[in-house]
Amino acid sequence: MIDLRMVYKKAEEHTTLAIFGLFAFLGFLIFLQSIFSPTIVLSLLVSVAAIIISFTRPLWMVAAIAVYLPFESLVLKFSPDDAYVFARYASEVLIYVLVLVVIGRVLSSRIQLKQTILDLPFLLFLFTLIASAFINFVDPSIAVLGIRQIIRFMIVFFLVVHLNPSKGFVRKLTIILFAIVLFEAGLGILQSIIGERLDVLLLPSEARALGEITLTAGVSQFWDPGSRVFATLGRYDRLGNFLYFFLLIASGFLFSEKVKQNKNTLTALFLIGLPALALTYSRASWFAFILGFLFIGIWMKRDRRVIAGFVTFLIVISTYLGVSGLTVRFITETPSQTFAERFYETFSYARWRGEYYGLGRTYWFVQTPLRVIPASPIFGHGPGQYGGGAAAALHNTTVYEALTIPYGVFGTEGFIDNNWFSIWGESGTLGFGLYLWMIAALFFYALKVYRSSKDPFIRALALGFAACLIGISFNAFTSTVLEIRTSGFYLWLYAGFVFVLHEQEKKKIKA
């Protein structure tokens, strides 16, 4: 028989301890606030809570990072200086915390170490980066930051594989991210209507630094207000990257006959997402989406509607040139550029020439293979030394001065607006080939999953992801898309999802 008095006494003791602990905790917070600012104390509290969740519910933290990243730029804009470093690197630090969680669980035998299709090329690529740093006598701090810049989101793939999310988890997170895409696209369309007032609210124009390290360069609005939308992602091209990635994932479901659920969501996604993508004026994002969509619709599905639509599109753009009298070869970028001019400028000789002599990406497309690679063809010039975000953030001019070439885009920015060539320049032809090996392995694996899987959801996800790889591979020639949080993170996240879900399906079939 239960002694109610004993139960009541224990409950009373636990309540007393809880109250005492709460007051002690509040007293500790007051003590901290007397030393640090309230903002830092709040940041510490949030950080501790996030770390606790990472250890107890690591998949929740993966989902939280995925949901947070599209809003990070806006959060950073309104973050006070004393807490800016916390906000700037919170998501990345949490990835490293998750790495420690996975390593701890592997060592404690709670989870098994799993083999993947990327193990060998990734380890060889990492070894190449380290070897390149030694061969080129790169300062250890620069080498570490340079390696981190290249591999930080690649780690997400291995995290996902070992955390082994269920199909239900992947489905729910994908639906949530589709909802965020709808919000971002809707905000972008609203931004084009309201114009400058909303631009001012959303644009992260202020540069932030920690000593000599640039934390955030700030965005200079060189376009007319409201003419290029960016929502909460800070730049029009980053919104474009985010939109086309998830529109291509959605395209995999759109072309999958057996996936009947969420058709209304898919319809809304394209009806709102495509106009927003167009309004970003990000040509690289336009063509990345078109290439991925055509890959699914024409190459994989042989869909007559897509073929007819593409032929009609070619006829329309050709007819427009004849009717409008637009001289494509002389078009150059202007703040008030029309949609048609923005599209046709892609093929403009004047633009290419201007970019070359103005030290834009065209200049580096030519000079990297002609001058940078021959100077160190096999192992490159070392991580953090050339073309990428690390060289720009650290203001590292060593290689540029040694080769007597300008310091990146415009001679001042440090990066070269070409992720493939920055990897080639830093890790050499050997590292570049290994990176291509990983991307190719993911692409052919996704195609294999699409063709062999019996699960409609997994097939659709694999097809959409394969299209994303085509889009991002193209986009990497025109930006640092592989390094950007709102594209690089999702690339490796969904690579992990496709791998995990297919492995789970194979185990079910064997069982």
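**Exercise 1.** Find which residue forms a salt bridge with Glu72, and which helices the pair ties together.

*Solution.* Step 1: in this predicted model, Glu72 forms a salt bridge with Arg485. The closest N and O atoms are 3.3 Å apart. Glu72 lies in helix α4 (residues 72-77), and Arg485 lies in helix α22 (residues 485-510). Step 4: check burial. Glu72 is buried, and so is Arg485.

**Exercise 2.** Arg485 also forms a salt bridge with Glu92. Decide whether each partner is buried or exposed.

*Solution.* Step 1: take the distance. The closest N and O atoms are 3.6 Å apart. Step 2: locate Glu92. Its place is helix α5 (residues 84-107), 393 residues from Arg485 in helix α22. Step 3: recall the cut-off. Buried means under 20% relative accessible area. Step 4: apply it. Glu92 has 4% relative accessibility, so Glu92 counts as buried. Arg485 has 8%, so Arg485 counts as buried too.

**Exercise 3.** Classify the two residues of the salt bridge between Asp303 and Arg305 as buried or exposed.

*Solution.* Step 1: the side chains meet at 2.8 Å, N to O. Step 2: Asp303 has a relative accessible area of 10%, so Asp303 is buried. Step 3: exposed means over 50%. Arg305 has 66%, so Arg305 is exposed.

**Exercise 4.** State how many salt bridges the structure holds, and name residues linked in a network.

*Solution.* Step 1: the structure holds 16 salt bridges. Step 2: a network of salt bridges links several residues, among them Arg228, Arg283, Glu333 and Asp417.

Definitions and conventions. Residues numbered from 1 in each chain as written. Predicted model: local features only at pLDDT ≥ 70, side-chain atom pairs only at ≥ 80, totals over all residues. Heavy atoms only, no water. Salt bridge = Lys/Arg side-chain N within 4 Å of Asp/Glu carboxyl O. Helix = DSSP H or I, 4+ residues; strand = E, 2+ residues; numbered from the N terminus. Buried < 20%, exposed > 50% of the residue type's maximum accessible area, 1.4 Å probe, protein only.
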